[in-house]
Amino acid sequence: MEYLNFTCQGESHKADNKVCQDYSLASSRERTTVAIVCDGHGGNRYFRSDIGAKYAAEITEESVRMFVKNIDSDIFRDKPFTAVGPIKELPEGYKETEIDKLFRQLFSSIIFKWNEKILEHAGATPISEWETEHVEQKYLDEFSQQKNLEKTYGCTLMAFVRAKHYWFAFHLGDGKCIALQKDPIWCEPIPWDERCFLNKTTSLCDSDAINEFRYCYQGKGNYPVAVFLGSDGIDDSFGETTNMVNFYIQLAKEIVLQSREKAEVSLQETLPQLSKIGSRDDMSVACVYDKSDLKALYKSLVQWQVSNVMAAVEDINVRIVNLKNKRDALQRKLISSDKTKIELQYAMNDLDRAFLQKRNLVKKLDILLQERDGEDFVPYSDEIGVDNIIEEPTAEVIEHVADKIDEEVDGVTPCTEEYSED
Amino acid sequence: MSLLDEVVSVPRRTMTLFFMIDTSGSMMGNKIGAVNDAVVNVLPMLDEISETNPDAEIKVAALEFSNGASWLYSEPKLASEFVWQDVTAGGLTSLGEACSELNTKLSRSGFMQAASGSFAPAIILLSDGGPTDDYKTGISKLKNNNWFKAAIKVAIAIGDDADLKVLEEFTGSNEAVFTVHNIDALKQIIRVVAVTSSQIGSKSSSAGDATKQDQVVEEVKAQIENIDGAEAATQVDSSSYSDDWD
C-alpha cells in the first residue's frame, strides 16, 4: 500500500498572520496503512487549535495502530460494508454490535488521551506574547483557570485505516472522505452528519464528542482502490462534490502516469494555488491507495470524467434551448413594458454566458476524449454548437434536451460493497 | 505540475442577499418610492463589494409580498447585473406566504447551491405593518430551515405601525430589528444594512468570536447613531422620534 499527504497554510491565514490550523499524516507499517486529517477550528476562542489538531492526529495514529494490533481480527471476518451514523441519528431500537462497542472504546480512548495531552501542553506552555496581543481577555482568563481547555484546542478528526484483513474509517466534524472504487467509481463511505453545515461543525472539543463519531468498516477482504481525506478547505473550494472527485482523479492519474513523488510535488504546488482561488482556508489532503489497482482503474476514471463533463454539456444544452425559447418568445412580444425589456436583456446575457460555459466544457471534454481515445480521438461537436448564433436546433435535438429538463442530478453517489479485491 | 489544469473546475464561492419587501397598501406613496430609490442606489455598492472581495461573489434576490408573494426574478442575479424593477404598493400583508416562499427557495432545489462553497445568506425584511395572514406557519417552516438558521437576518420596521414582535420573531432577536421614522432614514438604513450584511456575510474570516449576525447588528447600531429618524427597536419605547412620511 502506498500513501501521501500534504498540508498548507490558507491564503486568509497568511493575510491575517495566523498559523496553519490543519494537520495531516499518513504512514504504513506492519501491513497497516493509516491516513489522518485534522482541522483546528478558526476563531479567537480556539486559539491553540493548531496544536489540538496535531495532537489529535498523532494520538489517533497511535491508537488505531494499537487497536489493530490488539483486537482479534476475526471480529471483522466476512463483515459486509457497514456504515454507522452519529448516535443521535441511529434508528430507534438500534442494537449495538461487538464491533460498535470496540469502536466506542477506540473513540473514547482517543478523546481521553487527547484531553490528557492538551492539559499537559497547557500546563507546560504559558500564554505567549502573540496570544496576549491577539486573543480576547475572557478566553485567556479561562485558559489560565484551566476552564474549557478542550475548546482552546478544538479540532475535527477524520481517519482511514487499511489493515491486513479489513478496513475502517471514522470521522468527527466536517471535511470529506472520498473513496475511489470499481463501481460506482466513487462514494463517500462515512455517513454525513447534518450538524456540519456551512461554518458549523461537530468537534473533538464537544462535550458529547463520543456520540458524534460516525464510521464504517468492511471485513470481506475487499478494499477501496484509493481513499482521499480532505479538510473543509478543499471541500469549500470545489462546491459540488463531483468537482472535488474530479480533482482527486487528476491526482490519482498523476500517481499512475508519473510516480508517488511527482504526485506529491504536484499536490504541494496545487494546494496553495487552490487556497488562493478557492476557499482561502488551510488545505489538507491525505491519501491511501493501491497503485496496481489504481492502474487497472485508470480507464474507468477517465471514462467517469468524460461522462461527468458530457452530463454537464447536456445540462448546458438544456439551458441554452430554454434561454433561446425564452428570448424568442420575448422578442415576439411587443416590447411594451420595462419588465419585458429587462427580461429580454437577461435572456440574451444568460445565453451568452451559457455558450461561454459550453465552450469551456467542450474544451475540457476534448482533452478527456483525447486521453480516452488516443489516436482515434474525434473532437466533440453537437447540433447546438458553441456559438450564440441564431440557428434553431433540429426537432430531434430539442426533444433530446427536453427529456432532460426535469431530471434532478444528485451529487452524491450511494456507497455499495463493490470494492476491488485485495 | 499543477493539478488545476483545464479539467478541474474551481467555482467562485457565493453569498446571496435577499430583500423581502412589504408592498401592502400602507406602503403606498413615499415609503415605496424610498424603497425603490434606495435599492437602485445600493446595487452598485454591492457590486463593488462583490468585485473587490476575494472570498465570494454576491448575488441578489428580491421577494415582494402583499396579497401574495412573488420574486422579482426566477433566480438570484449577480449584483452587477441586477436590474431593479420598481415595485408598487397595494393589498394586504401576506408575510406568512412570503416566509413559505422564502423557505422553498432556501434549498438546493431553490436558489441555493451546495453548502460547501457557499456562504450563509443575508436576509433583509422590510415592513410597515402587521401580517394579515397566518405568519406563524411560515415562520415556523423557516425556523427549521438550515440555511435560514445560519443566515444573517435583519428587519427594518418602517414607522410606528410596524409589528416589532413579528419582526423580532423573524430575525430571532430584537437587537436585529431597526425602526425608521422618515423617508431619508429609510433610504439610509437600507443602504447601511445591505452594505454591512454583504461585507460581513461574504467574508470567510471573521473577527473575534461573534457570529456574523452579531457583527452586522453591532455595525448597523454604530452607524444609525448618525441617521436622524432611525433607531434600534429596543429604543422605540423611549423614542424621541415621531413618524413623518411626507
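1. B:Asn36 is buried, with a relative accessible area of 7%, where buried means under 20% relative accessible area, exposed over 50%, and partly exposed in between, computed with a 1.4 Å probe on protein chains only. The residue belongs to helix 1 (residues 30-52) of chain B; helices (H or I, at least four residues) and strands (E, at least two) are DSSP runs numbered from the N terminus. With residues up to four places away in sequence not counted, B:Asn36 touches B:Trp84, B:Asp86 and B:Val87, contact being defined as heavy atoms within 4.5 Å.

2. On provenance, this is a predicted model, in which local features need pLDDT of at least 70 and side-chain atom pairs count only at pLDDT 80 or more, while totals for chains, interfaces and linings use all residues. Residues are numbered from 1 along each chain as its sequence is written, chains are lettered from A and ligands numbered from 1 in the order in which they are written, and side-chain values use heavy atoms, with hydrogens and water left out.

3. Helix 5 (residues 164-171) of chain B carries the buried residues B:Val166, B:Leu167, B:Phe170 and B:Thr171. These four cover an arc of only 130° around the axis, which puts them on the same side of helix 5 of chain B; the arc is that of the directions from the helix axis to the C-beta atoms. An α-helix has 3.6 residues a turn, so residues three or four places apart point the same way. Just after helix 5 of chain B comes B:Gly172, which takes a positive phi of about 85°.

4. B:Glu175 sits in the loop between helix 5 and strand 7 (177-180) of chain B, and at 32% relative accessibility B:Glu175 counts as partly exposed. Its C-alpha atom is separated by 8.9 Å from that of B:Val154, 21 residues apart along the chain. Neighbours within four places in sequence left aside, B:Glu175 is in contact with B:Val217, B:Glu218, B:Lys221 and B:Thr234.

5. The largest nonpolar core has 56 residues, of which B:Phe19, B:Leu126, B:Ile156 and B:Leu186 touch the most other members; such a core is a set of buried Ala, Val, Leu, Ile, Met, Phe, Trp, Tyr and Cys residues joined through side-chain atoms within 4.5 Å. Helix 6 (residues 183-201) of chain B gives the most to this core, with 10 residues. Among the residues that B:Leu186 touches, beyond those up to four places away in sequence, are B:Lys31, B:Ala34, B:Val35 and B:Trp245. A second, separate core of 54 residues includes A:Leu4, A:Phe6, A:Met283 and A:Ala354.

6. Chain A contains 12 helices and 13 strands, and buried residues make up 52% of its 422 residues. Of the contacts in chain A with a separation of 6 or more, 77% are accounted for by residues 24 or more positions apart.

7. In chain A, 6 strands form an open sheet in the order 2-3-5-6-9-4, with antiparallel pairing; two strands pair if DSSP finds at least two bridges between them. Strand 2 (22-29) and strand 4 (82-84) of chain A stand at the edges, each with a single partner strand, so one side of each is left without a neighbour in the sheet. Within the sheet, strand 6 (residues 167-172) and strand 9 (residues 214-218) of chain A pair in the antiparallel sense over 5 bridges, and A:Ala169 stands opposite A:Cys216 in strand 9 of chain A.

8. A:His171 lies in strand 6 of chain A and is buried, with a relative accessible area of 2%. Its side chain reaches the backbone oxygen of A:Gly173 at 3.1 Å, a polar contact being a pair of N or O atoms within 3.5 Å; within protein, one must be able to donate a hydrogen and the other to accept it, and residues adjacent in sequence count only if both atoms are side-chain atoms.

9. For strand 7 (residues 176-180) of chain A, 5 of the 5 residues are buried, so this strand is largely enclosed by the rest of the structure. Strand 7 of chain A runs antiparallel to strand 11 (residues 226-230) of chain A, joined by 5 bridges, and forms a hairpin with strand 8 of chain A, with 5 residues between them. A:Ala179 stands opposite A:Val227 in strand 11 of chain A, while its bridge partner in strand 8 of chain A is A:Cys187.
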